[in-house]
Amino acid sequence: MEHKTLQRSGSMLARQKIQWPRPKQTTEVDAKSDLRGVHWQLSYLETTPGQTETKEAYIKHPKYQRRQAVENGDDLRASHIDLAFGASRSCKHWVAALTDEMSRNEHDKFNCKKPDGFEALGTELRKSHISFGERYEPTCQSQQKINFGVPAKANQIASFADTVGKDLRASHIDIANGAEKTSAHWKAVQTSEMARNAKEKFSCRKPEGFYHLIAELRKSSVPLGGLAQAQPAQS
């Protein structure tokens with residue numbers, strides 16, 4: 001189909017040529033994005049995304065380039081004195097004073113080996129000193145046990161903790177002034193108030209003045225004969 005050129009005249013859209021129908025786009029588009037997109041248009045004019053007033057008024061300036069003189073000035077102000085004299089400037093080989101002192105002679109401290117000079121003693125210790133003869137051999141004692149003297153038996157002083165000790169620890173100040181020191185008769189204030197007039201409240205007895213009423217209540221009011229016998233004759 002040949003492309004037709006459509007032209008629309010007007011005060012704002014004068015001499016603007018529009019290609020219709022639009023040519024096919026050969027760019028690759030995601031299928032999901034294409035399905036979510038809008039494929040209809042209200043007019044034949046080409047729509048462009050709008051911009052804010054800030055973006056329209058923004059003036060783009062060229063990129064700032066540092067002058068050569070400024071770079072040379074920084075190089076002149078920098079220090080070029082090598083205090084390390086060509087050696088490594090790293091501090092990885094530095095060690096704390098405490099670590100250096102504790103690590104001194106570590107090879108001799110942690111190098112485990114057998115002690116020297118006791119080879120002959122080991123041979124003597126492996127020998128058997130058990131005597132199978134009938135000769136009596138006294139038990140050997142060390143010089144310390146021989147010099148130790150058995151102390152004489154000392155008499156222990158009798159203890160007065162059960163008699164005099166308890167009396168000394170006891171208090172002899174009579175605050176009660178001769179009265180009874182027990183508190184078995186003490187009562188709480190609430191118990192004393194609730195127990196007031198307890199005999200009148202809890203003493204159960206028969207009410208007085210109702211003996212004649214009891215005798216009347218015991219009488220039977222049910223007539224066993226006819227109604228004429230129960231009622232008095234009328235004259």
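Me: Why is Lys181 called exposed in this model?

Reply: The model is a predicted one. Lys181 has a relative accessibility of 64%. Exposed means over 50%, so Lys181 counts as exposed.

Me: And what makes Asp174 and Lys181 a salt bridge?

Reply: Look at the distance between their side chains: N to O, it is 3.6 Å. The cut-off is within 4 Å, between a side-chain nitrogen of Lys or Arg and a carboxyl oxygen of Asp or Glu. Lys181 and Asp174 therefore meet in a salt bridge.

Me: Why is Asp174 called partly exposed?

Reply: Asp174 has a relative accessibility of 37%. Buried would need under 20%, and exposed would need over 50%. The value for Asp174 lies in between, so the label is partly exposed.

Me: How many salt bridges does a search of the whole structure find?

Reply: The search finds 5. Among them is the one that Lys219 forms with Glu216.

Me: How do you know that Lys219 and Glu216 form a salt bridge?

Reply: Their closest N and O atoms are 3.5 Å apart.

Me: What makes Lys219 exposed but Glu216 partly exposed?

Reply: Set each value against the 50% cut-off. Lys219 has a relative accessible area of 53%, which is over 50%, so Lys219 is exposed.

Me: Which loop holds Asn105, and why is Asn105 called exposed?

Reply: Asn105 is in the loop between α4 (97–102) and α5 (106–110). Its relative accessible area is 51%. That is over 50%, so Asn105 is exposed.

Me: What makes the phi of Asn105 worth a mention?

Reply: Phi of Asn105 is near 55 degrees, a positive value in a residue other than glycine. Most residues other than glycine have a negative phi.

Me: Where is Asn197, and what is its phi?

Reply: Asn197 is in the loop between α9 (189–194) and α10 (198–202). Its phi is near 55 degrees, again a positive value in a residue other than glycine. Asn197 is at 51% relative accessibility, over the 50% cut-off, so Asn197 counts as exposed.

Notes: Residues numbered from 1 in each chain as written. Predicted model: local features only at pLDDT ≥ 70, side-chain atom pairs only at ≥ 80, totals over all residues. Heavy atoms only, no water. Helix = DSSP H or I, 4+ residues; strand = E, 2+ residues; numbered from the N terminus. Buried < 20%, exposed > 50% of the residue type's maximum accessible area, 1.4 Å probe, protein only.
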